[in-house]
Amino acid sequence: IATLGKELLEDVIPLVERRYRVHTDKRHRAIAGLSMGGGHTFGISMLYPDTFDYYGLFSAAPWIKGNRDLKDFAARLRADKETCGRLQKLFDSHPKLYWIAIGKDDFLYGPNKDLRQYFDEKGYKYEYYENDGGHIWRNWRIYLSMYAQMIFKDM
């Protein structure tokens, strides 16, 4: 995730800012991803809390430090002091939207539930959407449509 985040900050964002008339502040930036991309969004949110104000995790695979084993995610999350500290810093930056969406039958439902429980324990502000279905395109189209309406309403 560090490499992806570095490429995003050093290559992608500067390219977009050079080629297009865009706002260049956190308040006007959003990032989202589905499945593994949701995991990347989770990681990038912690590594670069002052770069984006809107985060969307769609059926996310929220791994910690590249460990893609999602069993016992809650225990590993609570035990990882570095990740806990990064999450604290992220939510201390007061993102406008941290949105988590997942289907009830998604195989990644458990780790997403664990993540929400951790956020609840810490009092971190996030929004959540749950629907029927699993790890499928139909759900991701719904999530993207909902997320886009939320972020463009505020910008």
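Me: Is Asp80 buried or exposed?
Reply: Asp80 is buried, at a relative accessible area of 13%. Buried means under 20%, exposed over 50%, partly exposed in between (1.4 Å probe, protein chains only).

Me: What kind of model is this?
Reply: The model is predicted: local features need pLDDT of at least 70, side-chain atom pairs count only at pLDDT 80 or more, and totals for chains, interfaces and linings use all residues. Residues are numbered from 1 along each chain as its sequence is written, and side-chain values use heavy atoms, with hydrogens and water left out.

Me: Where is Asp80 placed?
Reply: In the loop between helix 3 (73-79) and helix 4 (81-92). Helices (H or I, at least four residues) and strands (E, at least two) are DSSP runs, numbered from the N terminus.

Me: Which residues is Asp80 in contact with, leaving aside neighbours within four places in sequence?
Reply: Ile64 and Lys65. Contact means heavy atoms within 4.5 Å.

Me: And what lies 2.9 Å from a polar atom of the Asp80 side chain?
Reply: The backbone nitrogen of Thr83.

Me: Switching to the whole protein. How many helices and strands?
Reply: Six helices and four strands. From the N terminus, the order is α-β-α-β-α-α-β-α-β-α.

Me: What share of the residues is buried?
Reply: 46% of the 155 residues.

Me: What about contacts with a separation of 6 or more?
Reply: Residues 24 or more positions apart account for 67% of them.

Me: What box do the C-alpha atoms fill?
Reply: Roughly 45 × 35 × 25 Å, along the principal axes.

Terms used
Polar contact = N/O pair within 3.5 Å; in protein donor to acceptor, adjacent residues only side chain to side chain.
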